[in-house]
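Please look at the model below with the following points in mind, which begin with one pair of residues and then widen to the surroundings.

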Amino acid sequence: MKLIVEKVRKNFGERTILQDVDLTIHENEFICILGHSGCGKSTLLNMVAGYIFPDEGEIKINGEKIQGPSRQRGMVFQDHALFPWCTVLENVAFGPEVQGMPKKQARETAREFLGLVGLEAYGAHYPAELSGGMKQRVGIARALASHPDILLMDEPFGALDILTRDMMQRELRRLYEKLHTTILFVTHSISEAVYLADRVVVMKHGVVAEVFEIGIQHPRSFDSPGFADMMARIERLLMEDEEEVIV
Amino acid sequence: MNEIQTTLSKTGEAAAPALQLNTVRKRKGTGLQSTMGMIKNVIPYVLFFVVWELFSQLNGRIQMFNPLFLPAPSLLVHDGWELAQTGIITDSLLASSMRIFFGFACGATVAVLLAVLMSKFSMLERWMSPFLTLVSPIPSLALLPLFIIWFGIGEFPKVLLIAWTTFVPVLVNTVEGFKSVPSTLIRSALSLGASQRQVFTRIMIPSAIPNLLIGAQISLGLSFSALIVSEMMGADSGLGYLIVDARNYFKVTNMFVAIILIGIEYSLFALLLKLLERKVLAWRRGGIGEAVEKVR
Ligand SMILES: Nc1ncnc2c1ncn2[C@@H]1O[C@H](COP(=O)(O)OP(=O)(O)O)[C@@H](O)[C@H]1O
Ligand SMILES: [Mg+2]
């Protein structure tokens, strides 16, 4: 798997949201896109998912131009987007089922992925009965059950409280180390990006400002050597000339 | 006095279906608690009929106004029973139920099909929307005389009126339901490999169902009015006909019997719809019952 974003530009009406965005993602990489809210992170991710298309430039996966949404690019939204009328198990079985797997087998697959996120006991519950963190685990299990080449995540933990968020970050990292799915993860939290990613792509005002190789040994924590330093460097980059904008 | 007591318990039975509608939602408690709760719920209904009975009896003695105008519940039960012996009540109930059932089913089916087509073909939506803004403010009862001139006084104009009354709210609400499907649900489904068709059957339809049911509930109330009025104008059967017939012969008791039957029939249909809704929307949580738990 190889994803290439090449000279991409996107306008909404008169406004240019993204321009000259270049990015290459290799197999098994964990990439975070980091930036202030409104800088175009979701727009970029939605183009990779195939919901919207670039006005200029190209996005290619395995050498092929992206033509629309596909099961090879799984998506996890901040609002989890679980189907409320389906049970947890039916939600996770949805992907395999619409792809033509027999119902029984799809449920078996779903059960397996629910086990992976530690929710096998909740298969018969409806999403409304779960906590925020659990819903997001189901969302991840649902996306993984379609065996995507790349998992796209748009601020998936943004709506969670701080403790749940820490736990989910550890959980995601654990899943990644187990499955080695390629992940493109959007966040506006510097610590989240530095904790999770192999590379952090910092975006400012619709362009890629800088890419940081994190290179800190896992499991990471705030006390890992280089962690605080990396956060400080990224923060400086994000904050510089922000003041000028305010003044 | 004894007589009143026994007749009262009879009227209490007659009101039972309407009662259930309100008690069904209550949570089941322990045995004793639930019987106590039942009694508490029944008291207002019993009291209503007791006061009515006493007032009518009193009026019968002191003649405040003509006692024929407000017959006592005991008299209603007596006369209602006599009326039932002639078979006219069964006939009327049957005739009215058939009309409302077919009218409602046809109207709702056509509305849902059209809503589906409108959400698939934006052309159709563009042409239908102005038409709907034109016709939806017109109370359907205003069309009845026109329908009678066009189609005569047979079954067809009545069923058509009910169908039309059902059609508009169901259509408007279902279309709204299709429009307000959260985009992330559609996007998720597409990213999981669903085809356009699967997105429609598995996402659009289930998420429009709550709105559809709201439309159906609004329709049911309106179409009952349509039923009764159309039976009052040019019919020879049905509960509405029973009322005009009773007026023509000044049989006020029969009027009351018909009115009560209408109330019961509506409650039954509303209950059916509620049960359907509970079954279909089992996944829904929330509402005031879930929002705050009462302190015991
Ligand atoms: N569909 C749209 N139409 C018009 N403007 C949009 C649309 N989607 C996003 N935008 C604008 O594009 C900018 C970037 O949005 P977004 O990519 O969602 O930012 P982020 O995810 O980084 O917070 C915002 O200023 C937003 O107002
Ligand atoms: Mg965003």
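1. In this predicted model, the side chains of Glu97(A) and Arg202(B) meet in a salt bridge with an N to O distance of 2.9 Å, the term being used for a side-chain nitrogen of Lys or Arg within 4 Å of a carboxyl oxygen of Asp or Glu. The rule finds one salt bridge across the interface of chain A and chain B.

2. On the side of chain A that touches chain B, the elements giving two or more residues are β6 (73-76), α2 (88-98) and α4 (132-144) of chain A, and α2(A) gives the most, with four residues. Helices (H or I, at least four residues) and strands (E, at least two) are DSSP runs, numbered from the N terminus.

3. Contact, taken as heavy atoms within 4.5 Å, joins 26 residues of chain A to 17 residues of chain B. The buried area, meaning the accessible area (1.4 Å probe) that the two parts lose on being put together, summed over both, is about 2,000 Å², of which carbon and sulfur atoms give 66%. In chain A, Trp85(A), Phe94(A) and Val98(A) lose the most area to chain B, together 33% of what that side buries.

4. Because the model is predicted, local features need pLDDT of at least 70 and side-chain atom pairs count only at pLDDT 80 or more, whereas totals for chains, interfaces and linings use all residues. Residues are numbered from 1 along each chain as its sequence is written, chains are lettered from A and ligands numbered from 1 in the order in which they are written, and side-chain values use heavy atoms, with hydrogens and water left out.
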